[in-house]
Amino acid sequence: MLTSPVTIRTVEMHTGGEPVRIVVDGYPPIPPGPILAQRRWVQTHADHLRRLLMLEPRGHHDMYGALIVPPFTTDVDLAVLFMHNEGYSTMCGHAVIALGRYAVDHGLVPAVEPETEVRILCPCGPVVARVQVERGRSGEVSFRSVPAFAFRRDAVVTTPTYGLVTVDIGFGGAFYAVVPAQHLGLDVRTSPTRDLVDAASAITEAGKAQIALEHPDDPDLAFLYGTILTDGRDGLAGGPSANICVFADRQVDRSPTGSGVTARIALMHRRGQLGLGEPRRFESVTGAVFEGRAVEETRAGSWPAVVVEVRGRAHYTGECRFIVEPDDPLGHGFRLR
């Protein structure tokens, strides 16, 4: 039980149906320092605030949040930590798209027409968002990723339900296992969501146990965030490629997943399925579409990598003032699943 009143203010947005709860006020001061150190501090000292914002009765199992923190360097406009039902991620494209609009609309950066650049420091590194601005109104947003790469291709994991499953592991600011749903006897467009979540979660758990990940920048980035089930298509011929991303604790992304699209583009480029500048479109469970393309070849340590540009739209849904009374036995937040 909390021992003192708490008040937190947020701005509410969504990108393709995926919520973005941006914390405006109410957190304790976050010590300045490297972004991953700030992430560890919040995990240790302020995780109770994540729980009360993400979980019931103020949130739900699939809520997502963004906490703006003091930037450690002067070459960015803002720094951000991402939160969800289980903890804190290292990258979130749908939130970056929302934060681009938020930064322009709330004066964190001066609005410039026809395009305003917003430099955002994420736990995975700096990303650059470009916000379309017309007659003072913000609109579509694109962002360019940190170096994205194919970590493993055709890796085999053993699952209790599906036996041996071949997956690709890609990094797009976070690590994802990527596999066509038909390899599991499923269809991302027609199979029940529960079946897709069960399958994706089984692969994530197997991947965590059986595939050792590493990242050249920091060990804190080396964890399998989730699994993306796809329709097996390339996002070009016949329209967008459908996918569903299941991350954290069985959380379902309503958007096409910005960091997931980044990872998919990196994997496709490594396989020679697309060249620089060639656009691909990706569709989520809500029908929302992101466009992605590899715009530059680079390296991430010893891995050949690409910088990926992802484009999408975010919208406002409201503003909230959350309170917690000291005698509320459920004020800390709870989950029923």
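Biologist: How many helices and strands does the protein have?

Modeller: The protein has 5 helices and 18 strands. Helices (H or I, at least four residues) and strands (E, at least two) are DSSP runs, numbered from the N terminus. The radius of gyration is 19 Å, close to the 20 Å that the globule rule gives for 337 residues, so the protein is as compact as a globular protein of that length. That radius is taken over C-alpha atoms, and the rule is 2.2 Å times the number of residues to the power 0.38.

Biologist: What is the model's origin, and how are residues numbered?

Modeller: This is a predicted model: local features need pLDDT of at least 70, side-chain atom pairs count only at pLDDT 80 or more, and totals for chains, interfaces and linings use all residues. Residues are numbered from 1 along each chain as its sequence is written, and side-chain values use heavy atoms, with hydrogens and water left out.

Biologist: How do I read burial, and what share of the protein counts as buried?

Modeller: Buried means under 20% relative accessible area, exposed over 50%, partly exposed in between (1.4 Å probe, protein chains only). Here 55% of the 337 residues count as buried. Helix H2 (residues 47-54) is mostly covered, with 6 of its 8 residues buried. Among them are Leu49, Leu52 and Leu53.

Biologist: How many salt bridges does a search of the whole structure find?

Modeller: A salt bridge is a side-chain nitrogen of Lys or Arg within 4 Å of a carboxyl oxygen of Asp or Glu. The search finds 22.

Biologist: Which residue forms a salt bridge with arginine 51?

Modeller: Aspartate 47, with the closest N and O atoms 3.1 Å apart. Both residues lie in helix H2, 4 residues apart, about one turn of the helix. Aspartate 47 is buried at 16% relative accessible area. Arginine 51 counts as partly exposed at 30%.

Biologist: Where do aspartate 105 and arginine 101 lie?

Modeller: In helix H3 (residues 93-105), 4 residues apart, separated by about one helical turn. Arginine 101 is buried at 6%, while aspartate 105 is partly exposed at 33%.

Biologist: Which residue pairs with glutamate 309 in a salt bridge?

Modeller: Arginine 144, with the closest N and O atoms 3.1 Å apart. This pair links distant parts of the chain: glutamate 309 is in strand S17 (residues 303-312), arginine 144 in strand S8 (residues 137-144), 165 residues apart. Salt bridges that share partners join Glu140, Arg144, Glu309 and Arg311 into one network.
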